[in-house]
Amino acid sequence: DDPSEAALGASGLTRTFGGFVAVDRVDIAVREGELRSIIGPNGAGKTTLFNILTNALSPSAGEVYYDGTEITDVPQHERPHMGLVRSFQSNQLFEEQTTLENVRIVAQTIEQGSFSFDLFRRGQRVAEETAYEILDRVGLAPLAEEEATNLSHGDQRRLSIAMALATDPSVLLLDEPTSGMGPTETEETAAMIESIQSEFDLTLLLIEHDMSIVLSMSDRITVLNRGEVLATGTPDEIQENAQVQDAYLGG
Ligand code: ADP
């Protein structure tokens with residue numbers, strides 16, 4: 001696959017910190033509609049790669065492509081408007097606001113380029129409808145009126161996905177969506193992610209440490225090791241890859 005033609009791609013992507021190479025000439029091409037997981041041991045460069053793809057960090061070298069266009073220098077805050085979105089972090093909730101309000105604020109902000117009173121009022125209504133619909137899809141509708149701060153850890157993670165969906169993404173990056181969850185909640189969240197992918201027509205790029213859901217959900221998996229792509233392939237190909245077994249799966 002050609003990164004420059006991908007839904008989300010990168011070629012030769014590199015990031016150094018001082019003399020240390022955290023991301024090392026990474027090529028990646030995520031196809032439209034794909035669910036791609038990034039795996040690799042701690043320190044492999046997964047988070048740094050996400051940071052470069054969203055331009056939270058600029059690359060030291062290489063190019064980033066979105067929907068067939070080079071976007072390496074497009075500022076971070078402009079990317080959601082293009083449809084390239086990273087899920088919100090748990091510390092990016094409006095804690096005193098309700099679950100619904102959190103999603104509505106994002107939906108309204110992304111819809112409205114400029115302020116006028118009438119536009120704002122109409123936007124508020126439309127955004128509220130959108131927000132309800134999204135909460136329903138992620139399973140949080142029963143908690144719509146609850147203050148975000150009162151939600152369980154798992155529900156706050158789901159809320160952060162709901163907020164990302166409110167920006168109407170085409171390509172969504174999820175950073176450890178199941179972290180801190182027990183086995184049942186992890187399975188539920190995996191099922192929810194698969195269902196939103198088809199309902200919202202998403203291309204998904206996922207950092208995930210739970211190998212059983214990585215193997216069951218992913219179309220393809222990219223294995224990072226010491227900043228480099230060790231392998232990219234289907235779950236079967238990755239499981240059978242001897243290099244991956246040595247470096248990561250522990251034989
Ligand atoms: P992963 O997400 O796979 O655990 P990271 O991308 O967080 O890996 O980190 C990759 C490497 O880059 C680690 O060795 C980490 O210490 C280093 N690193 C990440 N961010 C910085 C930074 N801002 N300054 C210096 N080193 C960093």
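**Ligand shell and charges in a predicted model**

A polar side-chain atom of Thr47 lies 2.6 Å from an oxygen atom of the ligand, a polar contact in the sense of a pair of N or O atoms within 3.5 Å. What I am showing is a predicted model, where local features need pLDDT of at least 70 and side-chain atom pairs count only at pLDDT 80 or more, while totals for chains, interfaces and linings use all residues. Residues are numbered from 1 along each chain as its sequence is written, and side-chain values use heavy atoms, with hydrogens and water left out.

Staying with the ligand, polar backbone atoms also come up to its oxygen atoms, at 3.1 Å for Ala44 and at 3.0 Å for Gly45. Taken alone, the ligand exposes 570 Å², of which the protein buries 58% (accessible areas by the Shrake-Rupley method with a 1.4 Å probe). The residues surrounding the ligand include Phe17, Phe20, Pro41 and Lys46, each counted if one of its heavy atoms lies within 4 Å. Helix 1 gives the largest share of this shell, three residues, helices being DSSP runs of H or I with at least four residues and strands runs of E with at least two.

Turning to charges, side chains of opposite charge can pair when their charged atoms come close. The count comes to eleven salt bridges, each a side-chain nitrogen of Lys or Arg within 4 Å of a carboxyl oxygen of Asp or Glu. One of them joins Asp1 and Arg31, whose closest N and O atoms are 2.6 Å apart; the pair links distant parts of the chain, 30 residues apart.

Definitions and conventions:
Polar contact = N/O pair within 3.5 Å; in protein donor to acceptor, adjacent residues only side chain to side chain.
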